[in-house]
Amino acid sequence: MADHIRFVLNDQPVELDGLSPMTTLLDWLREHRGLRGTKEGCAEGDCGACTVVLERADGHREAMNSCIALLGQIDGQAVRTVEGLQGPGGAPHAVQAAMAESDATQCGFCTPGFVMSAYAFAAGGERADLDTIHDALAGNLCRCTGYRPIVAAMTRVAGLAVEPAPQLPTRTGSASFDDCFHAPRSLAELVALRARHSEALLLAGATDLGLLASRSRKPPAAVIHVAHVPELTAVSETDKQVTIGAAATYAQAMPALTSNYPGLKTYLARLGSRQIRTMGTLGGNIGTASPIGDMPPVLIALESRLKLTSTRGAREILLEDFFLDYRKTALVADEVIESITIPKLWQGEAFFCDKLSKRRDQDISTVAAGYRLRIKSGRIDDARIAFGGMAATPKRAIAVETALKKDGFAAAIAAVETEFKPIDDWRGSAAYRLQAAKNLLRRLELRVTSPGQAVEVEAL
């Protein structure tokens, strides 16, 4: 017997039966619940018109895209839409009032999404500085360009006191919805399901697979949802390494990543929006095996390794050996990515990373790079460098590393053309990618030799 999807919507319990778990949350809100304040603008998690807030059991509120979230993912969660915001006595909520009083509404189409992002920001107790506000709004687009009054409204509501999170539905065991959406709660059951359903797609945050249901209108036939398996959502560290569960979201992983690798702070802020980082995972970014995924080149440079698990046991593999060809990996049909382990930097090591894209925010990389350097007496004693967007897979630049250690940056720059043969596509030509990679190495040289001269370009 299939389980029923249960969650909380605007403080009220919901139980669904007879509805496909592959239905997007946005479609259900609008077509089945009549809550049309949440809009569809892009159907791919870019514009923010579909923003709702996920209310965690610990009281955290996180903005998320409802257009790419599947109903099966919402089981056991609490969601709030713009209709669920109210002030005392039924008056407008303080966030809604601030938006109206700041003249931040313009045409109004995008306004509910901005309101929900502002609500999550206000509930987080963050400072009202411009960098933080811009980060909170990076996933919301206003076609009327009314950002100044929106920022003013955000400034007014920073640190707003909010009510406690609602009580979440209790589900202690694994669930299966409509015999096609499997949601295990233990690693043992996950790998057993994987062995029985090798055709099912592994689903973590749906920031990629969700597009099949939202934009393509061809949802997957079967999925195994890994987001409730404790081993896959854990984040831990020792004095030597950081281990991130494959289904831990970027929002959950960022504190450990940015504290141990400060060079990732700006980089991760450009990896999607807050809505995407609420849902997206490192394991998903790796598992899709896109040559322009943001994290693989960075993690390869950091000498990361994967733990791959099946009913046969677990094995470890260096991330650089995981990618075999375009969209092909070393993952066997009955395996799952359990975790990513990243060695910490040693004394005398430096780490940098770069991302070039057509837009600064909310865009996939054209070229991405990570560099881990060991510097002794002003010389580079060792180096690990990797690029994305330069080959059919994210790729370690071994020839560039060798030239750098032996003959310096000029030789490393010259080695780029011998090691990489990128392609032309609409994001950038092969010639552009080669020149960009060379220029990034020139910037890296300045970072090492003349930090005050290293130019950090804001819009690329």
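Which residue stands opposite Ala 63 in strand 4? Select Val 53, for Val 53 is the residue that stands opposite Ala 63.

Before continuing, please note that this is a predicted model, in which local features need pLDDT of at least 70 and side-chain atom pairs count only at pLDDT 80 or more, while totals for chains, interfaces and linings use all residues. Residues are numbered from 1 along each chain as its sequence is written, and side-chain values use heavy atoms, with hydrogens and water left out.

**Stop 1: a hairpin and an enclosed strand**

Select residues 51–55, which are strand 3, together with residues 61–65, which are strand 4. Helices (H or I, at least four residues) and strands (E, at least two) are DSSP runs, numbered from the N terminus. Strand 3 and strand 4 run antiparallel and are joined by 5 bridges; two strands pair if DSSP finds at least two bridges between them. The two strands form a hairpin with 5 residues between them. In the turn, select Gly 59, which has a positive phi of about 95°.

Is strand 4 enclosed or open to the outside? Since 5 of its 5 residues are buried, strand 4 is largely enclosed by the rest of the structure. Buried means under 20% relative accessible area, exposed means over 50%, and partly exposed lies in between (1.4 Å probe, protein chains only). Both faces of strand 4 are covered: Arg 61, Ala 63 and Asn 65 lie on one side, and Glu 62 and Met 64 on the other.

Arg 61 has a relative accessible area of 9% and is buried. Leaving aside residues up to four places away in sequence, Arg 61 touches several residues, including Val 53, Tyr 119, Ala 123 and Pro 164; contact means heavy atoms within 4.5 Å. Tyr 119 is 58 residues from Arg 61 along the chain, yet their C-alpha atoms are separated by 8.2 Å.

**Stop 2: two cysteines**

Select Cys 42 and Cys 47. The structure holds 0 disulfides, a disulfide being a pair of cysteine sulfur atoms within 2.5 Å. For Cys 42, the nearest cysteine sulfur is that of Cys 47, 3.9 Å away. Cys 42 is partly exposed, at 24% relative accessible area, whereas Cys 47 is buried, at 3%.

**Stop 3: two packed helices**

Select residues 94–101 (helix 3) and residues 147–157 (helix 6). Two packed helices are described by the angle between their axes and the distance between the axes. Here the angle is about 140° and the axes of helix 3 and helix 6 are 8 Å apart. Axes are lines fitted to C-alpha atoms, for helices over the stretch in contact, and angles run from 0 to 180 degrees between N-to-C directions.

Which residues of helix 3 meet helix 6? They are Ala 94, Val 95, Ala 98, Met 99 and Glu 101, and they meet Ile 150, Ala 153, Arg 156 and Val 157 in helix 6.

Remain in helix 6 and select Val 151. Val 151 is buried, at 13% relative accessibility. Not counting residues up to four places away in sequence, Val 151 touches Leu 130, Ile 133, His 134 and Leu 137.

**Stop 4**

How many strands form the open sheet with the order 10-11-16-12-13? There are 5 strands, and their pairing is antiparallel. Select the edge strands, strand 10 (235–237) and strand 13 (313–318), each of which pairs on one side only. Neighbouring strands of this sheet are turned by 20° against each other on average, direction ignored. Strand 10 pairs with strand 11 (residues 241–245) over 3 bridges, and Ser 236 stands opposite Thr 243 in strand 11. Next select helix 7 (residues 187–196), which packs on the sheet and touches strand 12 (305–310) and strand 16 (336–343).

**Stop 5: two loop residues**

Finally, select Ala 206, in the loop between strand 8 (201–203) and helix 8 (210–214). Phi of Ala 206 is near 70°, a positive value in a residue other than glycine. Ala 206 is buried, at 4% relative accessibility. Then select Arg 217, in the loop between helix 8 and strand 9 (223–225). Arg 217 also has a positive phi, of about 60°, and is partly exposed at 43% relative accessibility.
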